Amino acid sequence: MMKTVIDPATVVALAFADGGYVDPASVPETTIAVAEERWLIPVIGGEMHAALLEGSHADFREEYVAPVVALYTRLLMMPDLGVQTGQCGLTVPSSSTFEAAPVERTRIAARSLRHRARTLLHRMSRHLDDHAAEFPEYDPEKNILKRCSTDGNIVQIR
């Protein structure tokens, strides 16, 4: 079992609460770990991440970290949600009541999800900066958002 700041059930509750059912068993812990490595740790740093894994800062983890990791996990899962891998290779489910979303609609949904996740990531970063005394493991110098970010088509160097 992989150690991550949230579990698959939390990902489903926070990122898939739009009416459809997703089984928590279908959320790979490896995907949660990838979301943490790719988006969370570059902002909060390794020491802060380790503290969260050990159970520190539970309120911060629940209010700020969990939504970020959940949305980025869903973003990573999107390409695989409509396909299954088996003995026949990649297959897609067939049903008389549902059909796969067109590629353009999938792109729009992914872009929207990415914007929401990035907004929550910035919110989390601002909270860390505004309450730095409460988080001794956090080093603002290591926060990648403090160096450079793109918002829309604007590159911001801080």
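## Close-up views of the predicted model

**Figure 1. Lys142 touches Pro42 and Arg147.** Setting aside neighbours within four places in sequence, Lys142 is in contact with Pro42 and Arg147. The model shown here and in the other views is predicted. Lys142 sits in the loop between H5 and E3. Its C-alpha atom is separated from that of Ile41 by 9.5 Å. Along the chain, Lys142 and Ile41 are 101 residues apart.

**Figure 2. Asn143 is a buried loop residue.** Asn143 is placed between H5 and strand E3, which spans 148-151. Is Asn143 buried or exposed? Its relative accessible area is 0%, so Asn143 counts as buried; the cut-off is under 20%. A polar atom of the Asn143 side chain lies 2.8 Å from the backbone nitrogen of Leu145. Not counting residues up to four places away in sequence, Asn143 touches Pro42, Val43, Ser125 and Tyr138.

**Figure 3. Pro140 is a partly exposed loop residue.** Pro140 lies in the loop between H5 and E3. Its relative accessible area is 33%. That value falls between the 20% and 50% limits, so Pro140 is classed as partly exposed. Which residues does Pro140 contact, leaving aside its neighbours within four places in sequence? They are Asp129 and Lys146. Pro140 and Ser125 are 15 residues apart along the chain, and their C-alpha atoms are separated by 9.0 Å.

**Figure 4. Helices H2 and H5 pack roughly parallel.** H2 covers residues 29-44 and H5 covers residues 103-130. Their axes are 10 Å apart and meet at an angle of about 20°. That makes H2 roughly parallel to H5, because the angle is under 35 degrees. The crossing of H2 and H5 is right-handed.

Figure 5. The angle between H2 and H4 is about 115°, and their axes are 8 Å apart. H2 passes H4 in a right-handed crossing. On the H2 side, the contact involves Thr31, Ile32, Val34, Ala35, Glu36, Arg38, Trp39 and Leu40. On the H4 side, the partners are Val65, Val69, Tyr72, Thr73, Leu75, Leu76 and Met77. The contact residues divide into 11 nonpolar, two polar and two charged.

**Figure 6. Helices H1 and H4 pack at an angle of about 85°.** H1 covers residues 8-15, and its axis is 9 Å from that of H4. The angle makes H1 roughly perpendicular to H4. Thr10, Val11, Leu14 and Ala15 represent H1 in the contact. Ala66, Pro67, Ala70, Leu71, Thr73 and Arg74 represent H4. Seven of the residues in this contact are nonpolar, two are polar and one is charged. Thr73 of H4 also takes part in the contact with H2.

**Figure 7. His57 has a positive phi.** Most residues other than glycine have a negative phi. What is the phi of His57, which is not a glycine? It is about 55°. His57 is found in the loop between helix H3 (46-53) and helix H4 (58-81).

**Figure 8. His115 is a partly exposed residue of helix H5.** His115 has 49% relative accessibility, so it counts as partly exposed; exposed would need over 50%. His115 and Leu71 are 44 residues apart in sequence. Their C-alpha atoms are 9.9 Å apart in space. Leu71 is one of the H4 residues in the contact with H1.

**Figure 9. The whole chain has five helices and four strands.** From the N terminus on, the elements run α-α-α-α-β-β-α-β-β. The chain has 158 residues, of which 34% are buried. Among contacts between residues at least 6 apart in sequence, 67% join residues at least 24 apart.

Definitions and conventions: Residues numbered from 1 in each chain as written. Predicted model: local features only at pLDDT ≥ 70, side-chain atom pairs only at ≥ 80, totals over all residues. Heavy atoms only, no water. Axes fitted to C-alpha atoms, helices over the stretch in contact; angles between N-to-C directions. Helix = DSSP H or I, 4+ residues; strand = E, 2+ residues; numbered from the N terminus. Parallel < 35°, antiparallel > 145°, perpendicular 65-115°, else oblique. Left-handed = near helix turned anticlockwise from the far one by under 90°. Buried < 20%, exposed > 50% of the residue type's maximum accessible area, 1.4 Å probe, protein only. Polar contact = N/O pair within 3.5 Å; in protein donor to acceptor, adjacent residues only side chain to side chain. Contact = heavy atoms within 4.5 Å. Nonpolar A, V, L, I, M, F, W, Y, C, P; charged D, E, K, R; others polar.
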